[in-house]
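Work through the exercises below with the model open beside you. Try each task before reading its solution.

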Amino acid sequence: MKILHTADWHLGKRLDRFSRLEEQVLVMDEIVHIADEHNVDLVLIAGDLFDNFNPGVEAVELFYKTLKRLSLNGKRPVIAISGNHDSPSLIDAPDPLARECGIILIGHPKAAVHPFELEHFKISKSAEGFIEMELQHQNFPIRILHTPYANEIRLKEYFGEDKEAALNNVLAEHWKKNADEFCDENGVNLLMTHLYMNKRGGPILEEPEGEKPIKIGNADLVFSDIIPTQVQYTALGHLHGFQNIGTDEKPVIYSSSPLCYSFSEAGQTKYVSIINAEPNQKVSFEKIALQNGKKLVRKTFDSVENTVEWLNENPDTWVELTLESETFLTADERKRLYQSHNGIVYLIPKIKNQETNENNLSEINLNQDIQALFKDYFKSKNGGQEANEELINLFNEIVSNNS
């Protein structure tokens, strides 16, 4: 069978003051086409469906329309779990209606999905944190261990009150219990979760810039070696770059976000994972690159002329722009930059470093006229940098108005 794994849609997310909804519409359409083109049997969406607990109407509408298209109106099962950006209750709310379209929404840890049957598939077994699914055209079941994001409060609520129990131990016991009871070699066995997971002893994986962090110290760090041996593929959400923290034999995959959502992701290619799986066999997976969405670019220039030239040549981008200069940018220079490109998200003026020796700072002559005093003060506060003409004129205007 074929399975599509995606995650971290963050529908409704903005880049500072800029909406990304138009790009999200395009990339959602692309994911639907990939699912259809590869004729996948099942779709897994591993959390962070929205960007916040109260998404806007347009983001919610895009989410439901995309799920309906992915499900082929009930012919293909779609399973989506909540992430740390999602409201579990919001994700759970439409589940009874969504099931009629073949969509299973799971908001809370240890949720028990009630068995149901549609024309093309059925949920044949269910337990807390587990479902078994039978597809009409497959002669083997698909078992899915599912754990939506669980913060400390949810963990205590759903996994017990033992404050001393490490998160790894709690999850390992919960997953092993379900795997031992339900996951034999006669079906395809999967784990789907939205957690900060890493290989034990491996390098620390950076969480996305600007995202709500999951890992605080090591309290919420989950290690991949607690995944039950029966699991053939683990579908992760949270980190925005595609990576396998498992092995070729037992992949543990962050499928990546569908768009670059911060400038720390600039230059990344985004993917979905297409999994080929059958019982008691090594799975294979292929990462399919997503083409939609504007590029995020970090650029540094040392002249306004060169900056404007590049901006005019690269209009369809989001830009974090650093401009190094001898003096501060004037209002006219800023205006010229913004008029040449409508995707400047951040403009960072940077005064070129000038070597100063704090031990040899000269005394300021307080007997100077007020303009000279201002120039000396400005220079002392800005690493030896001279105030530009525009700033001097503004200062003189203020002095004149208060004389």
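**Exercise 1. Charges over rings**

Over the ring of which residue does the charged end of Lys 287 sit?

Solution. Start with the ground rules. This is a predicted model, in which local features need pLDDT of at least 70, side-chain atom pairs count only at pLDDT 80 or more, and totals for chains, interfaces and linings use all residues. Residues are numbered from 1 along each chain as its sequence is written, and side-chain values use heavy atoms, with hydrogens and water left out.

Now apply the test: a charge sits over a ring if NZ of Lys or CZ of Arg is within 6 Å of the ring centre and within 35 degrees of the ring normal. The charged end of Lys 287 sits over the ring of Tyr 271, at 4.7 Å from the ring centre. Lys 294 does likewise with Trp 318: its charged end is 4.2 Å from the centre of that ring.

**Exercise 2. Aromatic pairs**

Classify the pair formed by the rings of Phe 18 and Trp 318: stacked, edge-to-face or tilted?

Solution. Take the rule first. Rings of Phe, Tyr and Trp (its six-membered ring) pair if their centres lie within 6.5 Å; planes under 30 degrees apart are stacked, over 60 edge-to-face, and the rest tilted. The rule gives 11 aromatic pairs. For Phe 18 and Trp 318, the centres are 4.8 Å apart and the planes meet at 50°, so this pair is tilted.

Helices (H or I, at least four residues) and strands (E, at least two) are DSSP runs, numbered from the N terminus. Phe 18 belongs to strand 3 (residues 18-19) and Trp 318 to strand 19 (residues 317-325). The pair links distant parts of the chain, 300 residues apart.

Then check burial. Buried means under 20% relative accessible area, exposed over 50%, and partly exposed in between (1.4 Å probe, protein chains only). Phe 18 has 15% relative accessible area, so it is buried. Trp 318, at 5%, is buried too.

Compare Phe 301 and Trp 310. This pair is tilted, with 6.1 Å between centres and 50° between planes. Both residues are buried.

**Exercise 3. Phe 63 and its surroundings**

Which residues join Phe 63 in a cluster of ring pairs?

Solution. Ring pairs link Phe 63 with Trp 9, Phe 50 and Tyr 64. Phe 63 lies in helix 2. Its relative accessibility is 1%, so Phe 63 counts as buried.

Now list its contacts, where contact means heavy atoms within 4.5 Å. Setting aside neighbours within four places in sequence, Phe 63 touches Trp 9, Leu 11, Leu 49, Phe 50 and Leu 105. Finally, take Met 28: it is 35 residues from Phe 63 in sequence, and 8.7 Å away in space, C-alpha to C-alpha.

**Exercise 4. Two packed helices**

How do helix 1 and helix 2 run relative to each other, roughly parallel or roughly antiparallel?

Solution. Get the geometry. Axes are lines fitted to C-alpha atoms, for helices over the stretch in contact, and angles run from 0 to 180 degrees between N-to-C directions. Helix 1 (residues 21-37) and helix 2 (residues 57-70) pack at about 10°, with axes 10 Å apart.

Apply the cut-offs: under 35 degrees is roughly parallel, over 145 roughly antiparallel, 65 to 115 roughly perpendicular, and the rest oblique. Helix 1 and helix 2 are therefore roughly parallel.

Look at the contact. Helix 1 contributes residues including Leu 21, Val 25, Met 28 and Asp 29, while helix 2 contributes, among them, Glu 58, Leu 62 and Arg 69. The contact has 9 nonpolar, 3 polar and 3 charged residues. Here Ala, Val, Leu, Ile, Met, Phe, Trp, Tyr, Cys and Pro count as nonpolar, Asp, Glu, Lys and Arg as charged, and the others, Gly among them, as polar.

**Exercise 5. Positive phi**

Where is Leu 72 found, and what is its phi?

Solution. Leu 72 is in the loop between helix 2 and strand 5 (78-81). Its phi is near 50°, a positive value in a residue other than glycine. Most residues other than glycine have a negative phi. Leu 72 has 35% relative accessible area, so it is partly exposed.

Lys 110 sits in the loop between strand 6 (103-106) and strand 7 (121-127). At 22% relative accessible area, Lys 110 is partly exposed.
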